[in-house]
Amino acid sequence: PALAAAMEKDVVVSEIAPLFNELSSDVQESVREMAVGIVVKMVKLFSPDEAARLFGAFFDNTQTERSFTMRLQKARNFVPIAQAMHPARNIRDQVQAFLQLMAIDTEVEVRVAISKTLGDLCRLLDGPTILSMIFPVV
């Protein structure tokens, strides 16, 4: 992240972001896991539109992840990721992915991690969304 902040924005956009999007589908779980931590920090360097355009696919890939540790990383970083991409990717549109991790994931650790961020997510949502989408699941 410090390196990305020190680089010219054009280089990060044209070379670094595509590299990390490619790493999100690497066959080695450890590579994908390290990439998430770095991208979570890098996404904050961009405007919401740029973050969504550059790293949206990266985080979409983690939603369909089979690896428990990757889903755990996503759960722990869900709200900061959603905030960094808002309003380009509306937080309300991310609620289904949140609920999938919270209510459906097979691993207790993932459900616990995402549940710990429930209050932070609700602070970003309007009342009707909380009542219609979050409340019935919780």
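A polar contact is a pair of N or O atoms within 3.5 Å; within protein, one of the two must be able to donate a hydrogen and the other to accept it. In this predicted model, such a contact is made between the side chains of Thr69 and Glu29, at 2.2 Å. Thr69 belongs to helix α5. When residues up to four places away in sequence are not counted, Thr69 touches Glu29 and Glu33.

The chain as a whole contains 9 helices and 0 strands. Its order along the sequence is accordingly written α-α-α-α-α-α-α-α-α. Along the principal axes, the C-alpha atoms fill a box of roughly 45 × 30 × 20 Å. Buried residues make up 44% of the 138 in the chain. The accessible surface comes to about 7500 Å², and carbon and sulfur atoms account for 55% of that area. Of the contacts between residues at least 6 apart in sequence, 64% join residues at least 24 apart.

Confidence was examined for the chain and for its elements. The mean pLDDT of the chain is 87, and 96% of the residues score at least 70. Among the elements, the lowest mean pLDDT, 71, is that of helix α1 (residues 2–6), and the highest, 96, is that of helix α7 (residues 108–115).

Aromatic pairs number 2 in the structure. One of them is formed by Phe46 and Phe55, with 5.9 Å from centre to centre and 55° between the planes, and is tilted. Phe46 is buried because its relative accessible area, 9%, is under 20%. Phe55 is likewise buried, with a relative accessible area of 0%. In the pair of Phe78 and Phe98, the ring centres are 5.3 Å apart and the planes meet at 70°; the pair is therefore edge-to-face, since an angle over 60 degrees is counted in that class. This pair links distant parts of the chain, with Phe78 in helix α5 (residues 68–85) and Phe98 in helix α6 (residues 95–104), 20 residues apart. Phe78 has a relative accessible area of 3% and is buried. Phe98, at 0% relative accessibility, also counts as buried.

Helix α5, which holds Phe78, also holds Thr69. In the loop between α5 and α6 lies Pro87. The peptide bond that joins His86 and Pro87 is cis, with omega about 10°. In general, most peptide bonds are trans.

A further threonine, Thr129, is located in helix α9 (residues 127–134). Its relative accessibility is 2%, so Thr129 counts as buried. The side chain of Thr129 makes polar contacts with two side chains: that of Arg92, at 2.9 Å, and that of Asp126, at 2.6 Å. With neighbours within four places in sequence left aside, the residues in contact with Thr129 are Arg92, Val95 and Ile134.

Glu8 is placed in the loop between α1 and α2. Its relative accessible area is 60%; Glu8 is exposed because this value is over 50%. Between Glu8 and Thr69, 61 residues apart in sequence, the C-alpha to C-alpha distance is 32 Å. Glu15 is found in helix α2 (residues 9–23). With a relative accessible area of 53%, Glu15 is exposed as well. The C-alpha atoms of Glu15 and Gly37 are separated by 18 Å, at 22 residues apart along the chain.

Notes:
Residues numbered from 1 in each chain as written. Predicted model: local features only at pLDDT ≥ 70, side-chain atom pairs only at ≥ 80, totals over all residues. Heavy atoms only, no water. Phe/Tyr/Trp six-rings, centres within 6.5 Å; stacked < 30°, edge-to-face > 60°. Buried < 20%, exposed > 50% of the residue type's maximum accessible area, 1.4 Å probe, protein only. Helix = DSSP H or I, 4+ residues; strand = E, 2+ residues; numbered from the N terminus. Contact = heavy atoms within 4.5 Å. Areas by Shrake-Rupley, 256 points an atom, 1.4 Å probe, with all protein chains shown as cover. pLDDT = per-residue confidence, 0-100.
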